Amino acid sequence: MNIEDNILSDITSSISHISLESDRIYDGWIPSESTKEVLASIIASPGNYKVDKQLLVTPNIAIKEDFRDPIRNLLQNYLGEEAASQRRTLLISSVTQDDRGLRQLVANGCYHAAVNLTTQLLTVYGQGEKRSDQPCKHTVHSVQLWFTRIALLVKLRRFSFAEVECEPFGDLNSPDLYFEFYPEIYGGKKGSMVPFAFRLLAAELPQYLGKHTLALDRLSKVLATCNKIIENLMNGLTEDGSEIYKKEKREECIKVWKLRRLKVLYSLTRCAVSLKDFRLSSTLLQALLKEDKESTSGLFSALGRLCLNLGDINSAQEAFKKHLEHSPTGGNYDPVQGLLHSAFISCAKNDFGNAAQILEQAHKISPENPLVINNLGVCLMFVGKIRDAIRVVEKAIQARPEKFLHEALVLNLSTMYELESSAAQKKKLNLLSLVAGHKGDGFNIAALKLQV
Amino acid sequence: FHKILISVMRLTRPSLFTGVSVTCDPRDIPGDILNIECKNDMAIPQPDTGIGQVLLLPQSFGNIYLGETFACCICVHNSSNDVVYDVALKAILQMSNQRVPLLDEEENDLTQLAPDDLINKIIQHEVKEIGTHILVCAVHYKGIGGFEQSFRKFFKFQVLKPLDVKTKFYNAESEEVYLEAGIQNITSGPIFLEKVNLEPAPSYVVTPLNSIVGHDSSKIDTVFGPVGCVNPHDTRQYLFCLRPGPQARNNPSSLKQTANIGKLDIVWRTNMGDKGRLQTSQLQRMILASQYGDLKVMVEKVPNVVKLEEQFDIILSITNISEKDLSLHLDFLPGGFATEWHCASSRYLQKLPVGKTLTVDLSLMPLKLGLQTIAGVKLTDTFLKRSYIYENLAQVFVVNEITEERQRFLSQWIQQEV
């Protein structure tokens, strides 16, 4: 698919949607003052307005070579060419070179291949490598591709690459990211081409590089804009407050923005937690308890775990009690979460034996629960039962590799192997073979603790 | 080569691991795929607060601080194809001037290990010294042929100082002493100060002043707020009030002799409840000559609220805590404009034997409204010509009209019920 086809599909989609409200609900944003001026000038004299290039977004791909399958590399290094050649995973060539193919790669956990495919698709848009001097034409689709690419880089923990490629987008508020910038393509359509998830991703990104305060700042700005949009809508105006907006669909619009606002609060909480700012995390959790009434018991459970991270056992117990008070009762009650809580408290009191016993109980109730299996394994390690610990985790992984080959379980098991014996390397390579047989190229191979 | 291998892993508390959470709108290119993955990922909690539930085994040695517990997991594994006999494991912690055995005697019993069999021991030891520590693990065993082998493995680590304690003493006008203890977190992460108690020296009684107390005297909360977190480099200040205990009342000179106030007992916790405990050495206050030199002067009786231009009385007690009998001369200090002494301003007092107390009744006339300080007295040892000055004896609240309500309210400000 080439760039013309994409623009054509955008034109057709925008024409058919111009009269529909559904897109409109999602595209609202409040442009900055400088952007507003530029867009107003363009609307006033379309085709004649020369925009200062500095204001525009010129992204380009920073990754020099396509990613190779890291699991195949490991197989090659440790088990030889034959083992490597038996590796089956999806590549770009296995799928259609379009959005559908992209989704297929992501669904199969082949994030590296998916990133490689975005490289191809973005190159078609003229936004590949070495294009930084040329002006770019952005479309809804090209911006979506960038979002998908950066989202996958983040999932792959390739945070430096994600930062470098996200940086040209600035605060996602430049005029060429608005529909009004392309009147010849989008007619009179107004709004931002940037998906809301992209705004959140760009705001959260700095925390993965240790720049938590920057992330908190950016997320606060997004939150402030959401609040302003909701205020404008409640007052009968459009999102950016420029016109009256009397449609019935306004209710749905407000609902969408309230949900988005809630997402920003959760993002802020994740950032505060990662920063180990206990006061801020606690304040945010209290705010969430007020705003997200459907998640009350889950939020109390989170609050309890936050207290345990700090070391405040009494407050943790109180929070876990509140979780119980707000959990469904009778037939709907799932005792496993309560048992997980009790086990955490025992761990905090240095009574790992008791924690292990509690988790054995939970294991009987819910034998396929990966959280129970993982935590049971860890507690057994702390009471000198390393062989039992290994057995519990290995049994699950070997019985249902699809389900239990989670990076945390694999990391814990690799750690157990290293402590147990000199056969650690052989056992870790068995794990590698299992991973190679069941996981896509996005699996976090660091969990195997093999020298790359 | 050895048939037996030792491996050791330090058991810091397991941490709670969280996965990387990326979601989007179903209208975006990834659709709902990433969203569903997040929901099914055990490392991403629902709701997505970033506070995980997955325990992770320690991946590095980490830091260890004085007062914490050093825990580790030792594995002795028979990696050969033959049985190994009489396997004995010994673990010792070596510090600058002592060696501490870490395994109990029964745990040193001789074992037999089949091929691939292992011994797995957990060690816990409360660290009581700062500086270099060496964990020595020694294994002794007998092979099939009867030949004996042994080897040792050494693991060196540093124990760091976790807290910095700074104290300040304030002497109140009564016999109370206030201790302000500043506890600074000098570890690399936030800590939870679970308990900070002052264990007083025998002559003192302690009242901690760090709680918000309800009307019924039940404790509502600490003064530090709901989240009891002390970040690295932050200091938290605790306040304690010390008063001479019953022991000291019977033997006033005991207070003079001892500079020891008591010890601070501190318990803190970090990740997953990892506990640390420290006691300071005896805290000492500087004894000012004028405070606890040879005399102890106390205001035994003084009204809280008095009426303007109405005479009131106070009673002073003067105790001789020196080594010899004292002949004292009492003078009023000048400068008290608000209240004036209404009796003889200068007099000789009766001879005061060692350890004895005499009481003096004095009258005052309040001339100004409001909270007023009673100007002081000067006592002079007539033999040695040495003076003791007591400037701010007490305070009274001077009003126009005394009502029961005012009396009760204002009394709270003059004399705290401690």
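In chain B, three strands line up as an open, antiparallel sheet in the order E1-E5-E9; strands here are DSSP E runs of at least two residues, helices are H or I runs of at least four, both numbered from the N terminus, and two strands count as paired if DSSP finds at least two bridges between them. Strand E1 (4–10) and strand E9 (118–126) of chain B sit at the edges with a single partner strand each, so one side of each has no neighbour in the sheet. On average, neighbouring strands of this sheet are turned by 20° against each other, ignoring direction; the axes are lines fitted to C-alpha atoms (for helices, over the stretch in contact), and angles run from 0 to 180 degrees between N-to-C directions.

A word on the ground rules: this is a predicted model, where local features need pLDDT of at least 70 and side-chain atom pairs count only at pLDDT 80 or more, while totals for chains, interfaces and linings use all residues. Residues are numbered from 1 along each chain as its sequence is written, chains are lettered from A and ligands numbered from 1 in the order in which they are written, and side-chain values use heavy atoms, leaving out hydrogens and water.

Back to the sheet: strand E5 (residues 69–78) of chain B pairs with E9(B) in the antiparallel sense over nine bridges, and B:Ala71 stands opposite B:Gln124 of E9(B). Chain A gets involved too, as its helix H21 (residues 407–420) lies across E1, E5 and E9 of chain B, at about 135° to E1(B). Another antiparallel pair in chain B joins strand E25 (residues 312–320) to E29(B) over eight bridges, with B:Thr319 bridged to B:Thr357 in E29(B). Strand E29 (residues 357–366) of chain B has seven of its 10 residues buried, so the rest of the structure largely encloses it; buried means under 20% relative accessible area, exposed over 50%, and partly exposed in between (1.4 Å probe, protein chains only).

Zooming out, chain B has five helices and 33 strands, and 49% of its 418 residues are buried. Of the contacts in chain B with a separation of 6 or more, 70% come from residues 24 or more positions apart, a contact being heavy atoms within 4.5 Å. The accessible surface of chain B is about 20900 Å², with 49% of that belonging to carbon and sulfur atoms; areas come from the Shrake-Rupley method with a 1.4 Å probe, and for residues only the protein chains shown count as cover.

As for disulfides (pairs of cysteine sulfur atoms within 2.5 Å), the count over all chains is zero. A:Cys110 is in none, the nearest cysteine sulfur being that of B:Cys38, 18 Å away; A:Cys110 is also buried, at a relative accessible area of 2%. The sulfur of B:Cys229 is too far for a bond, because its closest cysteine sulfur, in A:Cys307, is 11 Å away. B:Cys229 is buried as well, at 3% relative accessibility.

Most residues other than glycine have a negative phi, and most peptide bonds are trans. B:Gln46 and B:Pro47 are joined by a cis peptide bond with omega about 0°, and B:Pro47 is in the loop between helix H1 (33–40) and strand E3 (54–56) of chain B. A:Asn350, not a glycine, has a positive phi of about 70° and lies in the loop between helix H16 (335–348) and helix H17 (352–365) of chain A. A:Lys449 has a positive phi of about 55° and lies in the segment after helix H22 (424–438) of chain A.
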